[in-house]
Protein chains: 2
Amino acid sequence: MRTVKVEIDHAPYDILIGKGALGRIAQIKALLPQPRVAIVTNATVAPLYLSALQSQLEEGGVNVLPIILPDGEQYKTWETLNLIFDALLTARCERKTTLIALGGGVIGDMTGFAAAVYQRGVPFIQIPTTLLAQVDSSVGGKTAINHPLGKNMVGAFYQPKLVLADLAALDTLPKREFSAGMAEVIKYGLIDDLEFFEWLEANIDGLMARDEAALAYAIERSCQNKARIVAADEKETGQRALLNLGHTFGHAIEAGMGYGVWLHGEAVAAGMVMAAHAARIQGALSDSELARIVGLLQKAGLPVVAPDLGADRYLELMAQDKKVDAGRIKFVLIEKLGQSYIGELSDEVVRDALAAGCRAH
Amino acid sequence: MRTVKVEIDHAPYDILIGKGALGRIAQIKALLPQPRVAIVTNATVAPLYLSALQSQLEEGGVNVLPIILPDGEQYKTWETLNLIFDALLTARCERKTTLIALGGGVIGDMTGFAAAVYQRGVPFIQIPTTLLAQVDSSVGGKTAINHPLGKNMVGAFYQPKLVLADLAALDTLPKREFSAGMAEVIKYGLIDDLEFFEWLEANIDGLMARDEAALAYAIERSCQNKARIVAADEKETGQRALLNLGHTFGHAIEAGMGYGVWLHGEAVAAGMVMAAHAARIQGALSDSELARIVGLLQKAGLPVVAPDLGADRYLELMAQDKKVDAGRIKFVLIEKLGQSYIGELSDEVVRDALAAGCRAH
Ligand SMILES: NC(=O)c1ccc[n+]([C@@H]2O[C@H](COP(=O)([O-])OP(=O)(O)OC[C@H]3O[C@@H](n4cnc5c(N)ncnc54)[C@H](O)[C@@H]3O)[C@@H](O)[C@H]2O)c1
Ligand SMILES: NC(=O)c1ccc[n+]([C@@H]2O[C@H](COP(=O)([O-])OP(=O)(O)OC[C@H]3O[C@@H](n4cnc5c(N)ncnc54)[C@H](O)[C@@H]3O)[C@@H](O)[C@H]2O)c1
Ligand SMILES: [Zn+2]
Ligand SMILES: [Zn+2]
């Protein structure tokens, strides 16, 4: 079992990574202020992993309230959140009841937000079951729900007490979801870890075959990268925004196509290609470096050509993104392969990058 | 103008108290990260105080988005909160837009919660316009909305950047609301400030006549008391619970009568009388001390006899309260006049106190 420590000043915690992490009941129990938990999961994940977790906890003397939500990003709403509150209040759960998120990023984000605001905050444990959740959404304490006028517009920074990333849970993950998670893995290489980017190039086949050792390493290194960035800037006042590499373009793709048509990771992949085009236009990347980025994403089963929504529509969608400061769009830009920074782009470069990103390679 | 400093470690801030505090535009402007605010208020307060505040801010070059909500505790819900998010998102308010709460505790609690979770947190300023909000709800950072299964069940600890308590705003406050605020003022005397309790006994007539000097002193001293308790225990893990003196009984009255029938402060007044009865039964208060408490509350225009819901119903309602730990109800108990502590009560004493509290004096 590998351990990554997240050094958030006021609330440090561990991420345990490995096959069977989900069964680390002793670690969970040690953190409970009261032998009572609510496990929040969804209709897809529950039949796969709920009963094992629930019965082990119950054998350990922990009272378990299972809360099973409908599956899908379209349910990441206040209405679904209220189902959690309804269940907690009906069962008279108190401030010391711990919420456990068992599922992908949607369950993790919603459960984390519920934990942040139920009775003004109850303890929270993440058991991420998608690759994306294991390498990204379960780390760093961002929680949220969507609003009809924007994704993740309502939420909180709220840290879990523990994250258990079980490699075994990935066995049942559909290929397309696995690839979506790989987009965030590759992102860490591009943000500021060239060595990892090159390791990924060398090990992409093993990873896609879900080789256990390769996966464990990639997840650990991803979590280390995210934990380091987050610990330095919990509330995203500066460097944390680097984690949004490819996301300004990506969010525009997701919104423009209608949420759910492109998976988040898929949109981020095409978005990173657009960022790479911008860098190539500015001379920060060579043609061959651009090709390496595109190639790695393709081997990870990800789309590298963005849908052609038209530059005006892209600009409009991007202006609605959260990463806007006094009306100016902030981009995460590639400085060179394996290094990125936060800055602005001239309209011209954005338009050129958009055009290039929407053309087949 | 009097200033009370709230020394919350990570986010200290000032409470300005005095006639005309609402016009301290310079103080507001100095705190804005961006010359843009949303003023959240309600249909009752808006015609009284919105336009003065808005036009002064606008003259100072600040862009103002007014958000006018329906008035009433019954609107302290997720649906109303969503009206705030709708307005903020429609106007494309960003992370640096400051939310200003202009109103009583309902507006303050909702706006504070909206500020806590809109885009995971935006700056927040309180301009409390009821006595209760000036001495209690605007101080200490508790924010919340109600859930059909319980009051204030969903919320956050979120501190404002500044509180402006304008005595002039109290001129228009209905007498019943003014009295409700007085319940919380008197509460501070009973928690741990005998000197203040005795000052209140001596000055109650002036206060009820809304004498400016008396009011300014009472509000300042109340804020000091609350600020001290809150600074020592922001997240209510211990001593902060003292602020709930009379509230376990009070919440049961509010819920039992149906929310809105008894004002919160009225219920707290009758609840404090019940707590005083419990203390008298246990020998912690003499008959004459009990009579002093009852007398002061009466002079403040508050009810001192609780509605007779029956002991069983009271116990059931109290068991649903947040201040329950592993099924045991925690009470704030009176140790002696001007001193209280947190503890438990035997069923027998609770029943006797309930019976005494429901009988006319
Ligand atoms: N909080 C953050 O920092 C952060 C970061 C990135 C993304 N996110 C959020 O995460 C969400 C996306 O997360 P996601 O990609 O995990 O999506 P998801 O939670 O929707 O999971 C994808 C699908 O896989 C299913 N699933 C989950 N685990 C499974 C398993 N082990 N086997 C089989 N099926 C399984 C889910 O039920 C779902 O149908 C988005 O809402 C996004 O906003 C948050
Ligand atoms: N956050 C906390 O720590 C805390 C503490 C105590 C109470 N509260 C909450 O505060 C709320 C009660 O606050 P409240 O007593 O101020 O009630 P309120 O906000 O409902 O105000 C009472 C009434 O007075 C009106 N009003 C407000 N200012 C006025 C003015 N200057 N002139 C004329 N009318 C005016 C309001 O519109 C309302 O109709 C409850 O929801 C309670 O849960 C919170
Ligand atoms: Zn992402
Ligand atoms: Zn109160």
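**Close-up views of a predicted model**

**Figure 1. Packing of helices H10 and H11 in chain B.** In this predicted model, helix H10 of chain B and helix H11 (residues 287-299) of chain B pack with their axes 10 Å apart, at an angle of about 175°. Angles over 145 degrees count as roughly antiparallel, and H10(B) and H11(B) are therefore roughly antiparallel to each other. From H10(B), the contact is made by B:Ala269, B:Met272, B:Val273, B:Ala276, B:His277 and B:Arg280. H11(B) contributes B:Asp287, B:Leu290, B:Ile293, B:Val294 and B:Leu297. By class, the residues of this contact of H10(B) with H11(B) divide into eight nonpolar, one polar and two charged.

**Figure 2. Crossing of helices H9 and H10 in chain B.** Helix H9 (residues 247-257) of chain B and helix H10 (residues 264-281) of chain B have axes that come within 7 Å and cross at roughly 130°. That angle makes H9(B) oblique to H10(B). The crossing in which H9(B) passes H10(B) is right-handed. On the H9(B) side, the residues that meet H10(B) are B:His247, B:Phe249, B:Gly250, B:His251, B:Ile253 and B:Glu254. Their counterparts in H10(B) are B:His264, B:Ala267, B:Val268, B:Ala270, B:Gly271, B:Met274 and B:Ala275. Seven nonpolar, five polar and one charged residues make up the contact of H9(B) with H10(B).

**Figure 3. Packing of helices H6 and H7 in chain B.** The axes of H6(B) and helix H7 (residues 194-208) of chain B cross at roughly 160° and come within 7 Å. H6(B) and H7(B) are therefore roughly antiparallel to each other, and their crossing is left-handed. The contact draws on B:Lys175, B:Phe178, B:Ser179, B:Met182, B:Val185, B:Ile186, B:Tyr188, B:Gly189, B:Leu190 and B:Asp192 in H6(B). These residues meet B:Leu194, B:Phe196, B:Phe197, B:Leu200, B:Ile204, B:Leu207 and B:Met208 in H7(B). The residues of the contact of H6(B) with H7(B) comprise 13 nonpolar, two polar and two charged.

Figure 4. Distant parts of the chain are linked by the pair B:Glu184, in helix H6 (residues 175-192) of chain B, and B:His247, in helix H9 of chain B, which are 63 residues apart. B:Glu184 counts as buried because its relative accessibility is 0%. B:His247 is buried as well, with a relative accessible area of 4%.

Figure 5. A:Glu184 counts as buried, at 0% relative accessibility, whereas A:His264 counts as partly exposed, at 21% relative accessibility.

**Figure 6. Surroundings of A:Gln126.** A:Gln126 lies in strand S6 (residues 124-128) of chain A. With a relative accessible area of 5%, A:Gln126 is buried. Neighbours within four places in sequence left aside, A:Gln126 is in contact with A:Ala101, A:Gly108, A:Ser137, A:Ser138, A:Pro160, A:Leu162, A:Val163 and A:Leu164.

**Figure 7. Surroundings of A:Ile342.** A:Ile342 lies in strand S13 (residues 339-343) of chain A and counts as partly exposed, at 31% relative accessibility. C-alpha to C-alpha, A:Ile342 and A:Val332 are 4.6 Å apart in space and ten residues apart in sequence. Not counting residues up to four places away in sequence, A:Ile342 touches A:Gly238, A:Gln239, A:Ala241, A:Leu242, A:Lys330 and A:Phe331.

Conventions. Residues numbered from 1 in each chain as written. Chains lettered and ligands numbered in written order. Predicted model: local features only at pLDDT ≥ 70, side-chain atom pairs only at ≥ 80, totals over all residues. Heavy atoms only, no water. Axes fitted to C-alpha atoms, helices over the stretch in contact; angles between N-to-C directions. Helix = DSSP H or I, 4+ residues; strand = E, 2+ residues; numbered from the N terminus. Parallel < 35°, antiparallel > 145°, perpendicular 65-115°, else oblique. Left-handed = near helix turned anticlockwise from the far one by under 90°. Contact = heavy atoms within 4.5 Å. Nonpolar A, V, L, I, M, F, W, Y, C, P; charged D, E, K, R; others polar. Buried < 20%, exposed > 50% of the residue type's maximum accessible area, 1.4 Å probe, protein only.
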